[in-house]
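Please go through this predicted model with a reader who is new to it, and explain how its labels follow from the computed values.

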Amino acid sequence: MTSQAEINKLAERYPFVDEELEQLIRCHSALCDIKNTDSFLTKIALSSPYSYFFLPGNEMRRRIEIVEGRILPEGFGSCLRAAMSVDLFVDCANEGQDLSLERFLEGVADCGQRGHKEALRVIWDCCSYLAGFEDALKPSLVVDLCYRLAFAADVTISPEADAKSIIEKLESERDGACLSLEKSLAQFGKTDLIDKQNFMTWAELMVPQLSSTLSTFVHNLLFHTKWTRHHLNFVPFEYPKLDHMSSIFVGRHCSNLFALALTSPLMGGKWHNLYSFEYHGNSMNRLQYSILGFSGPSVMVIETEQGHILGAFLNTTWKKSKEFYGDSNAFIFQLHPTLAVFNPTGNETNFIHLLDGLGFGGTKDMPRLYIPASMEACNAGVMDKTFREGDLLPGDALEKFNIKSLEVWAVGGDDVIRNGLKARGDWRALTDSTIYQARVIKDKSSLVKDINLLDTSLYKHLSEARGRAEFRVDEKHGGYVLDRSQ
């Protein structure tokens, strides 16, 4: 039994609170029990008393069997255990008596609490072991593992998770899932294979949430609930959940939601539809009415008539302005056929410009990504000074495109979306009030006096006509006529 003094000492060296350390010590004891023939993942999952509270009976055991047998690659549990044990920190700096326990604690910390770089290292090592200890890997192996980890994390913790439908989804999309991610990662290698440095660089630039697929899975296995999230050193991965039918993320493009969720920690969880071509109407007026006033993170996704997908992310209030606005959280991206994220360069701050048309980056005269008022003949440039250089459309496509579908989604979680919608409601109420006040004028005489129509050329003919005999009423046709016979 580990004393409180020993737990306090461990807490000084490892990024866990006391309750987490107590659970990890129980877990380590289960792993050391040679009489227990359960798998590595099963021992971890069943060592916590919380697993029986949230998934009663043998439900947790059944879930882990599904995860190991149908969702994750065969042998993943053993590979994860090996990858968690290779950190030499414990051997070099161990201050405790139980080297095995501290090696386990360090391995768990490497899966997320030590930061995303260590978690990426664990992901790479797992893939390397799965491939037979290879130093160069196929991009599809790495992407596929992370894709499956995202679903496995949900199955292990959520009572509502439908394991059967997840398995069917994985099997039906086995060949086509995440192709945009695979192509993106392959571009960082010199051949059709990538090395560890290629992988790390790609993850840093394109998919900063990738490591959270592993971190969330391991966290859910160990702790099951959200009660320790205040202490997490990573943002848990959540697969996007759309509250409205999408015309873009359907069929072969469903898995592109996973790719987009990896680009920002704000992309996970609930998505609320602010605008869509099909539902709200394909006009700039309808687009602006739907988004103006919304305050918070949102993502605009465009599918072109050629089937390419691109868009922009911003975390600000939508407003009409003659000047550019926004902040450095904004980025533009290509999503299909290849994922490419173009973050701010720091050289300029021309993030978004919304007036008659909608533009991102570039200048007022030539934005990098531009949707004109007509919403036709849009532009997607290759470079500007605000965002990193690169193709928003495939290299063989022209910079001009026409829109097949356009959607704007509010993201960031329930509370953030709720506050953003309230801000939009307040903006609409203020706008409507301003318009109403401009239309209603109580004292009409002041209006006539201010406008002074009688002194304008509009009624000049009245004074000029008076006293002229040749100017008479035309009873036959109505009005007046100038009798030139006199």
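Q: Why is E303 called buried?
A: The relative accessible area of E303 is 7%, and buried means under 20%, so E303 in this predicted model falls in the buried class.

Q: What makes the pair K404 and E303 a salt bridge?
A: The closest N and O atoms of K404 and E303 are 3.9 Å apart, and the cut-off asks for a side-chain nitrogen of Lys or Arg within 4 Å of a carboxyl oxygen of Asp or Glu, so the pair counts as a salt bridge.

Q: Why can K404 and E303 be said to link distant parts of the chain?
A: K404 lies in strand β12 (residues 403–410), whereas E303 lies in strand β3 (residues 295–304), and the two are 101 residues apart.

Q: How do you know that E323 and K364 meet in a salt bridge?
A: Their side chains come to 3.1 Å, N to O, and because the limit is 4 Å, the pair of E323 and K364 qualifies.

Q: Why are E323 and K364 called partly exposed?
A: E323 has a relative accessible area of 47% and K364 stands at 41%; since partly exposed lies between buried, under 20%, and exposed, over 50%, both values belong to that class.

Terms used:
Residues are numbered from 1 along each chain as its sequence is written. This is a predicted model: local features need pLDDT of at least 70, side-chain atom pairs count only at pLDDT 80 or more; totals for chains, interfaces and linings use all residues. Side-chain values use heavy atoms; hydrogens and water are left out. Helices (H or I, at least four residues) and strands (E, at least two) are DSSP runs, numbered from the N terminus. Buried means under 20% relative accessible area, exposed over 50%, partly exposed in between (1.4 Å probe, protein chains only).
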